[in-house]
Amino acid sequence: MRYLESVVTLKLDAEKCIGCGRCAEVCPHRVFAVTDRKAVMVDRGACMECGACQKNCPVEAIAVNAGVGCAYALIRSRISGKEACCG
Amino acid sequence: MVLSPQQGSPIFSPAAITIPGDPQRLPTTLSCGDRIGNILVRFGWRRRQYRTEPALYRIGSPTPESPVIVTANYTLTVDMVRAACAGLDLWVLVLDTRGINVWCAAGKGTFGTGEIARMVKEARLDKIVKHRRLIVPQLGAPGVSAHHVKQLTGFDVVYGPVRIADLKGFLAADMRANDDMRRVRFGIGDRVAVVPIELVLSWRILLAAFAAGVWLWALHAAPFWAAVVPLIGAVLMGAVVVPLALPLFPFRSFVLKGLAGGVLWALLMIALFPADLITAARHLTLLPPVVAFLVFNFTGSTAFTSPSGVKEEIRRYTWLLIIWFAVGVILYIVDMARGWLS
C-alpha cells in the first residue's frame with residue numbers, strides 16, 4: 001500500500017553524503033540504497049517521514065519534516081495551535 | 001508478565017555473583033495469564049499500566065560475549081520479545097518508555113539516545129559484557145542517533161530486524177538483516193492487531209451514533225433497526241471494516257477510501273431498509289463523512305502514512321467533509337421532524 005507521494009518532504013544532500021549506509025539500514029520502506037559510496041533515493045514516494053534516516057545520518061545530509069502522522073493529533077494541533085502529539 | 005525488582009528466580013551460578021545488579025531471567029514461555037493480558041490490552045484494558053520494570057534482564061544463560069538487545073517496557077512488547085527468543089542466550093535491556101511500544105515511543109523520543117545511554121550506565125553494561133554492541137530494533141531508529149549513542153556510551157548500535165520473529169535469522173546471519181527483515185509491510189495481521197483499540201477508542205462516536213438512531217426511532221421517523229443499524233454500522237465501517245480491508249478500497253487518500261466505504265454502506269442501507277427519497281438522501285449525506293473521518297483517523301495506526309500526506313488531506317478535504325456532514329445533519333432533522341409531525 002502506498003500513500004500520497006507528491007507532498008513528501010524528504011531531501012538528500014549528495015554532496016555531504018559519505019556513503020555510510022545508515023539511512024538504507026534504518027528505513028522501513030527501503031527508500032535508500034548506496035551505490036558508488038553515495039546514498040541515493042530509489043523510492044522517495046514510499047517515505048512516511050518517520051525521521052529515522054535524518055536522525056542516524058552522521059553528517060546531516062538528510063532533511064525531512066518528521067512527525068506524528070495521525071489525523072486526529074494533527075487536527076487537534078491545528079485547532080489548538082499546539083504541536084501535534086499522540087496524547 | 002509484569003516484573004518488579006523483587007520477583008523472579010535468583011540465579012545460583014558462580015558467574016552471577018560478579019554481575020552487577022544480578023539481572024533477572026525472563027521466561028521464554030508465556031503463561032496463561034500473560035496471554036489473556038495480551039489479548040485484553042489490545043482492547044485497551046489497563047493499557048497505561050501494562051509496564052515492565054526497566055532494567056537489564058537475561059534470556060537463557062548469557063555470557064559476557066552474548067548479544068544485548070534493547071526494547072521498550074510495554075509489557076506486550078516484552079512478552080513478544082521473550083517468546084521469540086526461546087532457545088537463545090542474550091541480554092535484554094528494557095528501557096523506560098512509560099509503557100509505550102518501540103515505534104510510538106521512538107516517535108516521541110522516549111525510546112531514544114538519552115534513555116539508552118541512561119540505562120546502559122544504570123545497568124553497568126560495560127562491566128557485564130565484553131563486546132560493545134547494542135542490537136536496537138529498527139523501528140526504534142526514529143528516536144535514536146546511532147553515532148550519538150556511540151559518543152555517549154562507547155557502544156555501537158546495530159539495527160536489528162523490524163520484527164522480533166526475525167531476530168534468530170538476523171543473529172544467525174552475523175547480525176545482518178536482509179531486505180525483507182528491514183521492510184514494514186502493514187499486512188492484514190498488523191491491521192487485525194490495531195483495529196480493536198481503534199474501535200474501543202471510538203466509543204464516544206459509537207454511543208452518539210446509537211443515540212442518534214434511538215432518537216429517530218423514538219420520534220417515529222423509522223422502525224428501530226432501520227433507525228439504528230445504518231448509524232452504528234457507519235461507525236463500524238470506519239473503525240473496523242475499511243481499516244481491515246484497506247487495500248481493497250481504491251484511492252490512496254484515506255478520506256476518499258472512507259467516503260467510498262461510506263457511500264457503499266449507505267447504498268446497502270437503502271437497499272436493505274425501505275427508504276423514500278428523503279431517507280435515502282439522509283443516508284447518503286450523514287453516513288459517508290462519519291466513515292471518512294474514522295478511516296482518516298486510522299492514519300495514526302498505520303506504518304506507511306506521512307504527516308505531510310495527512311496535512312495535505314486536511315487541506316484538501318476538511319470543507320468537503322464539513323459541508324457534506326452539515327447537509328446530512330439537516331436531512332436528519334428534516335426526516336425526524338417529518339416522523340414526529342406525521
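This is a predicted model: local features need pLDDT of at least 70, side-chain atom pairs count only at pLDDT 80 or more; totals for chains, interfaces and linings use all residues.
**Domains.** I started with the overall layout. Chain B splits into domain 1 (14-182) and domain 2 (188-341). I looked up how far apart they sit: the centres of the two domains, taken over C-alpha atoms, are 40 Å apart.

**Helix α14.** Next I went to α14 of chain B, residues 277-297. I checked its length against expectation. At 1.5 Å a residue, its 21 residues should span 30 Å, and the end C-alpha atoms are 31 Å apart, so the two agree. Then I asked how enclosed α14(B) is; 17 of its 21 residues are buried, so the rest of the structure largely encloses it.

**Arg282(B).** I picked one residue from that helix, Arg282(B). Is Arg282(B) buried or exposed? I get buried, because it has 29 C-beta neighbours inside 10 Å, and the cut-off for buried is 20 or more. Setting aside neighbours within four places in sequence, I find Arg282(B) in contact with Gly328(B), Leu331(B), Tyr332(B) and Asp335(B). I also looked up Trp203(B): it is 79 residues from Arg282(B) in sequence, and 23 Å from it in space, C-alpha to C-alpha.

**Nonpolar cores.** Last, I turned to the cores. The largest nonpolar core has 71 residues, and Val92(B) and Leu93(B) touch the most other members. A second, separate core has 39 residues, including Ala239(B), Leu259(B), Ala266(B) and Val295(B). Back to Val92(B): which residues is it in contact with, leaving aside neighbours within four places in sequence? My list reads Leu26(B), Tyr57(B), Ile59(B), Ile69(B), Thr71(B) and Val81(B).

Conventions
Residues are numbered from 1 along each chain as its sequence is written. Chains are lettered from A and ligands numbered from 1 in the order in which they are written. Helices (H or I, at least four residues) and strands (E, at least two) are DSSP runs, numbered from the N terminus. A residue is buried if 20 or more other C-beta atoms lie within 10 Å of its own, exposed if 12 or fewer, and partly exposed in between; C-beta atoms are placed from the backbone. Two residues are in contact if their C-beta atoms, placed from the backbone, lie within 7 Å. The expected span of a helix is 1.5 Å times one less than its number of residues. Domain bounds come from an automatic or database domain assignment. A nonpolar core is a set of buried Ala, Val, Leu, Ile, Met, Phe, Trp, Tyr and Cys residues joined through C-beta atoms within 7 Å.
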